[in-house]
Amino acid sequence: MATPDIETPTAAANTRAGTGTTFTRFIGLATIVSMIALGVFGLLLSPADVQQSDSVRILYIHVGTVWVAYVAFAFTALSSAAYLWKRTTSLAWDRFAGASAEIGVLFMALTLLAGSLWGRLSWGKFWVWDARVTSTAFMFVTYVGYLAVRGLGGSHQQRARRSAVVALLAVLEIPLVHFSVKLWRGLHQDSSVADRTNVNLHGLMLFSLFISLIAFTLLYVWLLMHRQRVLAMQDDIDNSGLDYALQQRRDEGDL
Amino acid sequence: MEDLGFILATYIVTFGSVAAFAIAIVRRGRRLAAQLPAKDKPWT
Amino acid sequence: MFRVARLIAAKDLRIELRSRVVTNQVLPFAAIVMVMFAFALNSDAVVSRVAPGLVWLATLFSLLILVQRSFAIENADGATDALRAAGVDPSGIFLGKAMALAVQLAVLELVLLVSAVVLYSTELRVGGIVLLLVTFVAATVGLALVGTLYGGLAGGVRGRETLLPLLLLPVVAPVLIGATRATESALGTGGATVADGWPWVGLLAVFVALFSVGGTLAFGPLIEE
């Protein structure tokens, strides 16, 4: 398909314009600043906890990552529902769902890692069979599966519908898993994480936690926007990229 | 500081993998952007 | 919808009766898994304590194979595409395949239960028979529903063999927990009483209710091209 009206961007625009805009650059800068602040407050300025001593510093990371993971998965569910809703079958919603799930999986992995390191220090073991801990791990595996479903191939609409349905089924599954694990642990009369997580929050500690939430939320927004744009370009290239690449090579030949 | 190893490991791994992920996205974005005309990039 | 479901189920079961793939391959697999558990655990006391859990674990492993078989027969000749092209109600296909799968699972579970009685010296008790039956029915229906749902998703795409366990096992975790606890109560394993078992049957019932509705709605969009 010869499309001579394709606007050939100049080389300068090509190399400089990626997925960034003024807005994302602003968010990115704010993220870096708040992350540095998190490091300073979390590692240096905030005091050690009375009961947990320094291991509480891990929580500044842990709480931020788990927050982002939950937000990301919730956004995946909402975008999937938006995609399936009547006639809004816009692929943008599907790409938001996919980008968000990918970020969620990364942060869930980091959450599990930080959580188990913290658990080793506070409880003496990397893992406890608590309902919240266990269903978090299930959530992680579920969204790894979701990403695998996205990678199955087929047309973009096919991928979008399939993965949207899987994302909504995950919303059905996760509370059920949580509930059943809770019931299961209930029989063993094990004290839950909540009982053993008495952190007496000092003012500066609360402030560090607050910085953590802000920093990781900004990071999520930045990552989501960039990832969504990359996915959009990927889809466009799947559709028409070949034509364009051929056109470009021809143009090069004409020079 | 007690348990310095565990605490530093958490911070380094977290920031490190987030940074790696972010850099990978940006690089992929630049590479793909070079292959597409501006009209397919509504954010520019 | 239910007429379609009956026809599909009858078709699947007829194929099984003639090909005997499940009978000749999956049942022996399940039995050998039960023997392997005994090798791994290496203690009569431990084995009889965990027998209900092993029965349900072996069921889950076999479920993966059964589901793959169930959709292999659809995809071999593009049968799903033909059904769709003929305008057959996807909810009917879903319920039909789930029914056929449930029948095959029920046979399999019976074999596993008998092998537990024989190999692990599990004893059935009269008071727990009703609980045992209800548990097996509820768990079987639940497993058949989610198995069909995710089998339909993974069927017809390359790489489905490895994807199915990843998708299916996390979802059936509540069934494993609920069915194992209820079975322990029914058999009196580890001093559990029959009355302890009924809340777990409730969990299984919730599972069945959610996935029968969710599956019927979701199956259509999942298999659509």
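# Chat on chains A, B and C

User: C:Ser121, buried or exposed?
Analyst: C:Ser121 counts as exposed, with 11 C-beta neighbours inside 10 Å. A residue is buried if 20 or more other C-beta atoms lie within 10 Å of its own, exposed if 12 or fewer, and partly exposed in between, with C-beta atoms placed from the backbone.

User: Before we go on, what are we looking at, and how is it numbered?
Analyst: This is a predicted model, where local features need pLDDT of at least 70, side-chain atom pairs count only at pLDDT 80 or more, and totals for chains, interfaces and linings use all residues. Residues are numbered from 1 along each chain as its sequence is written, while chains are lettered from A and ligands numbered from 1 in the order in which they are written.

User: Where is C:Ser121, and what is its phi?
Analyst: C:Ser121 lies in the loop between helix 5 (90-119) and helix 6 (129-154) of chain C. Its phi is positive, about 45°, although C:Ser121 is not a glycine. Most residues other than glycine have a negative phi. Helices here are DSSP runs of H or I with at least four residues, strands are E runs of at least two, and both are numbered from the N terminus.

User: And C:Arg20, what is its phi, and where is it found?
Analyst: C:Arg20 has a positive phi of about 60° and is not a glycine either. It is found in the loop between helix 1 (2-19) and helix 2 (21-41) of chain C. C:Arg20 is exposed, with 11 other C-beta atoms within 10 Å.

User: How do helix 5 and helix 8 of chain C cross?
Analyst: The axes of helix 5 and helix 8 (residues 194-223) of chain C come within 8 Å and cross at roughly 110°. Axes are lines fitted to C-alpha atoms, for helices over the stretch in contact, and angles run from 0 to 180 degrees between N-to-C directions. Helix 5 and helix 8 of chain C are therefore roughly perpendicular to each other; angles under 35 degrees count as roughly parallel, over 145 as roughly antiparallel, 65 to 115 as roughly perpendicular and the rest as oblique.

User: Which residues meet there?
Analyst: C:Pro90, C:Ser91, C:Phe94 and C:Leu95 in helix 5 meet C:Gly215, C:Thr216, C:Phe219, C:Gly220 and C:Ile223 in helix 8. Contact means that the C-beta atoms of two residues, placed from the backbone, lie within 7 Å. By class, the contact of helix 5 with helix 8 has five nonpolar, four polar and no charged residues. Ala, Val, Leu, Ile, Met, Phe, Trp, Tyr, Cys and Pro count as nonpolar, Asp, Glu, Lys and Arg as charged, and the others, Gly among them, as polar.

User: Switching topic: how many residues does the contact of chain C with chain A take?
Analyst: It takes 21 residues from chain C and 22 from chain A. On the chain C side, helix 7 (160-187) and helix 8 each supply at least two residues. Helix 7 of chain C gives the largest share, nine residues. That side divides into 16 nonpolar, three polar and two charged residues.

User: What is chain B made of?
Analyst: Chain B has one helix and zero strands. Its C-alpha trace spans about 55 × 15 × 10 Å along its principal axes. Buried residues make up 25% of the 44 residues in chain B.
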